Amino acid sequence: MSATLSRGSLQPGQQKLAEKFTILNDRGIGMLTRIYNIKKACGDPKAKPSYLIDKNLESAVKFIVRKFPAVETRNNNQQLAQLQKEKSEILKNLALYYFTFVDVMEFKVYSIFVPISLFLQTVNFDLTKNYLDLVVTYTNLMMLLSRIEERKAIIGLYNYAHEMTHGSSDREYPRLGQMIVDYENPLKKMMEEFVPHGKSLSDALLSLQMVYPRRNLSADQWRNAQLLSLISAPSTMLNPAQSDTMPCEYLSLDAMEKWIVFGFILCHGVLNSDQAALSLWKLALQSSTCLCLFRDEVFHIHKAAEDLFINIRGYNKRVNDIKECKEQALSHAGLMHRERRKFLRSALKELATVLSDQPGLLGPKALFVFMALSFARDEIIWLLRHADNIQKKSTDDFIDKHIAELIFYMEELRAHVRKYGPVMQRYYVQYLSGFDAVVLNELVQNLSVCPEDESIIMSSFVNTMTSLSVKQDGDVFDFRGMRLDWFRLQAYTSVSKASLGIADHRELGKMMNTIIFHTKMVDSLVEMLVETSDLSIFCFYSRAFEKMFQQCLELPSQSRHSISFPLLCTHFMSCTHELCPEEVSEAYVFKSCIKKKITVDLGLHFDSESDLASNVGDHCSRLIDRLILFRSISRSIVGMTMYNQATQEIAKPSELLTSVRAYMTVLQSIENYVQIDITRVFNNVLLQQTQHLDSHGEPTITSLYTNWYLETLLRQVSNGHIAYFPAMKAFVNLPTENELTFNAEEYSDISEMRSLSELLGPYGMKFLSESLMWHISSQVAELKKLVVDNVEILTQMRTSFDKPEHMASLFKKLSSVDSVLKRMTIIGVILSFRSLAQEALRDVLSCHIPFLVSSVEDFKDHIPRETDMKVAMNVYELSSAAGLPCEIDPALVVALSSQKSENISPEEEYKIACLLMVFVAVSMPTLASNVMSQYSPAIQGHCNNIHCLAKAINQIAAALFTIHKGSIEDRLKEFLALASSSLLKIGQETDKTTTRNRESVYLLLDMIVQESPFLTMDLLESCFPYVLLRNAYHAVYKQSVSSSA
């Protein structure tokens, strides 16, 4: 696929620039890896070469270092005597160190910086990037070399041993020794070296003046621009993401800052002559206090730059600029990056959610994904580096307890790319062949001057793309040759005296950069993920890794994202390099990051390092298992309720259910990586949440929601702020002066009650029912006291319902009439809420266990009337547990049975129960005078909840007379007769105030009969003319229409 160019006219240093840059940059990373490991080894007493700490060689080492790089063996036999004995071992054991330093010297020699024209922003991106990468790699390598304090001792020892063995110094030693001496102060030396290359380097850096400031914006600017949002402009959602600077959009901010800081130090003269260069440099100095040299080795920018410039004449202004930028970085950089991370958490969450729902958008919006990953990676690396090198007293900006969430969304995006890679590949294959090839061909045809070699390579691009097809079954797409050819073309057209200058054809450069991005979407997705989202640097910040992990576990809202940290370990292999093969080991990767967490915090034990390395999956499984079982899930789920005892605020059941399901989905992904049964874990934890307290004695979601519904929602119903609307099957807020802090409908409608049933399950709903019944029993106890206070009057009224005048005089003697009706209404409200809960439970169980629920329902519906009550109650209890409605509520029977008093005989208890029904019946006419008693057809009830009396009367009667073994049907007939008689009397009243809502109260009789399994309409008509009911319905509906009008 690669076309070949012949360039005989090029200068030797300008030939094969693309190949040289590629090879040298890769080799430079390898050299950095080896030098880094030498530095770490020399800094560790256990790993340091033994010859450097051997007491017998101490005087010899000091002598060699003092004389370095000179070699004097003749007149120092006494000091070097011990060295004579160890020479062969020294040669053998220090060879790796010595020749690594030699390789660094060779790398320095072959690093090339030739006069070329660089335009990062638009045209020769690859050439400029590789050039700047090589400058920074070279700078970092020489600085890291200078930090190895034992470098002179190692090189000198090896050379003296070589001298003693072979009679002469190693042939590389003179140049190597001189290099070590020259680079004692590496930056100062390199500033001198780069004087001839200042123009090329400054041109490359100045090409960043449109790219870097645009990437280094505040979170507010990102937010105002709706950065990374796919839904901000729905009409363009399917349009491919385009940019004139495509590869610059996901270019690492960290890399650009290193280019700028190190680059302008090396060509510092331009800072005094070009205001754009100075502005760019100052912006980079204000963003960070330190930069990464390699892994966890950092470079403190401001101190180093100040030390260099303070000794240069005429640089006082630059020194002052550095001091000002340092203050700015210390005071504002931490806050700026913290706000960026906060923005990116929400932006990546939105992006991941949209792509999860519509993975097809990964095609046109792939650029957004890699931008998001790059932005997030830069912010995480910045935090990691600065948190380990804090230079200010306040550390708040360097502690991010939500970092796991950001990493989690990065991993989610990475997973989408891996999963839907074929979708992206198919999209871009068609894009390349159907659009890019056509546009590029037009651009090539329109070139006014195109030498033969350039024409050949451009034609090869067009032919390669035109021949593409999604039907190339079995073929592996490989555009590496095409990308290398474009790199070569950039090099050939950027050197001086090029016949085709790339700077004169910017549209061609823009188009080719876009095409190169599209080819990477076809054959290099894994490499793109590494380039934009590699977090292997965590491997070298083990303490920070552990601290972040611990914070994640301790914060309930973040523990759901704890899988991020095991997933991070999969990045660690990408930090290795083939020039340092000893690093390629899983034991090395996991040793510094999770071994301590597993062995110490979780009490696990490994016999050896090999045990850890060979059983990573097993240990990670045990880690996650312990984490979820004992420290995370239960607290996290309770935390998701967001219950605030002071303000009585709590999450809606549907919100909690969504959160729990999302939590389960995330944790179930663990099963893809380790052997663990997450379903079993969740079953155990959620089962505990259906109880009043969990295994640790802490409140559960069952206790929190039960308490909230009783003490907050139902209490506000009693206070007249909320009404039960049967038509909506929900509780609804009423207009009041003091608005409630919550919307009752959002917590009590059908969907919310079903969500509550899903969360609490049958056990939790049973606990809720028992709590409701306890409140009802306390109200019934108070009602009985009121009955006892009026027992004589009620006894007379029970037998005088056919004597209107006598009943009227007796009624006037009754006390606490309003209290009786209010308490019965409260009971009705509680029972209405329980009915909603039971209906929701039945719906949920019918979805989960339909055959079992239908069997229970069939069993209940076919109980013979003559069945013993104890047997019937057992069936009712089973039915009630399944959410089925019963003629007699078993939970209410149990609650009221506990009220039996030892001082009162069963006969007296029975009498009080009968008189309670009498009391309620004769009190009902007083409801007509209440202005809130008006019936509303729209809600099928009354705003003061008196329609709930129907449920209260029927269920209280059924429970009481089941307990006292009386006839429920007879007692309800008696109630109906008394209530009908009492209500008929208000039909004869002339006082409009007393009868203002007479028709609305009449309807209560119909509701009581409709609610009751023991009463019939025929029975009602024998007591209360149906014509009155019909007229009452007509009147309330007519009144409702006129009110609406």
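Biologist: What share of the contacts in the protein between residues at least 6 apart in sequence join residues at least 24 apart?
Modeller: In this predicted model, 77% of them do.

Biologist: And how many helices and strands are there in the protein?
Modeller: The protein has 47 helices and six strands.

Biologist: OK, what about the overall shape: is the protein a compact globule or more spread out?
Modeller: More spread out than a compact globule, because the radius of gyration is 42 Å, well over the 31 Å that the globule rule gives for 1045 residues. Along its principal axes, the C-alpha trace spans about 135 × 75 × 60 Å.

Biologist: How much of the protein counts as buried?
Modeller: 55% of the 1045 residues.

Biologist: Let's get into helix packing. At what angle do α17 and α18 pack?
Modeller: At about 150 degrees, with the axes 10 Å apart. Helix α17 covers residues 366-387, and helix α18 covers residues 403-419. An angle over 145 counts as roughly antiparallel, so α17 is roughly antiparallel to α18.

Biologist: Left-handed or right-handed crossing for α17 and α18?
Modeller: Left-handed.

Biologist: Which residues make that contact?
Modeller: From α17 you have V369, F370, A372, L373, A376, R377, I380 and L383. From α18 come I403, L406, I407, M410, L413, R414 and V417.

Biologist: Keep F370 in mind. Where does M528 lie, and what is its C-alpha separation from F370?
Modeller: M528 lies in helix α23, residues 525-533. The C-alpha atoms of M528 and F370 are separated by 7.8 Å, although the two residues are 158 apart along the chain.

Biologist: Is M528 buried or exposed?
Modeller: M528 is buried, with a relative accessible area of 1%.

Biologist: What does M528 touch, not counting residues up to four places away in sequence?
Modeller: Y250, F370, F517, K520 and M521.

Biologist: Moving on to α19 and α20. How do those helices cross?
Modeller: Their axes come within 8 Å and cross at roughly 160 degrees. Helix α19 is residues 421-445 and helix α20 is residues 452-466. That makes α19 roughly antiparallel to α20, and α19 passes α20 in a left-handed crossing.

Biologist: Which residues of α19 and α20 meet?
Modeller: L432, S433, D436, A437, L440, N441 and V444 in α19 meet M458, F461, V462, M465 and T466 in α20. By class, the contact holds eight nonpolar, three polar and one charged residues.

Biologist: And α43 with α45: parallel, antiparallel or oblique?
Modeller: Helix α43 (residues 949-963) and helix α45 (residues 998-1011) have axes that come within 8 Å and cross at roughly 45 degrees. The two helices are therefore oblique to each other. Here α43 passes α45 in a right-handed crossing.

Biologist: What makes up the contact of α43 with α45?
Modeller: On the α43 side, L949, A950, K951, I953 and N954. On the α45 side, L1004, M1007, I1008 and E1011. Those residues divide into six nonpolar, one polar and two charged.

Biologist: What is phi for Q226 and for L228?
Modeller: Phi of Q226 is near 50 degrees, and phi of L228 is near 70 degrees. Each is a positive value in a residue other than glycine.

Biologist: Where are Q226 and L228 found?
Modeller: Q226 lies in the loop between α10 (219-224) and α11 (246-249). L228 is also found in the loop between α10 and α11.

Conventions: Residues are numbered from 1 along each chain as its sequence is written. This is a predicted model: local features need pLDDT of at least 70, side-chain atom pairs count only at pLDDT 80 or more; totals for chains, interfaces and linings use all residues. Side-chain values use heavy atoms; hydrogens and water are left out. Axes are lines fitted to C-alpha atoms, for helices over the stretch in contact, and angles run from 0 to 180 degrees between N-to-C directions. Helices (H or I, at least four residues) and strands (E, at least two) are DSSP runs, numbered from the N terminus. Angles under 35 degrees count as roughly parallel, over 145 as roughly antiparallel, 65 to 115 as roughly perpendicular and the rest as oblique. A crossing is left-handed if the near helix is turned anticlockwise from the far one by less than a right angle, and right-handed if clockwise. Contact means heavy atoms within 4.5 Å. Ala, Val, Leu, Ile, Met, Phe, Trp, Tyr, Cys and Pro count as nonpolar, Asp, Glu, Lys and Arg as charged, and the others, Gly among them, as polar. The radius of gyration is taken over C-alpha atoms; the globule rule is 2.2 Å times the number of residues to the power 0.38. Buried means under 20% relative accessible area, exposed over 50%, partly exposed in between (1.4 Å probe, protein chains only).
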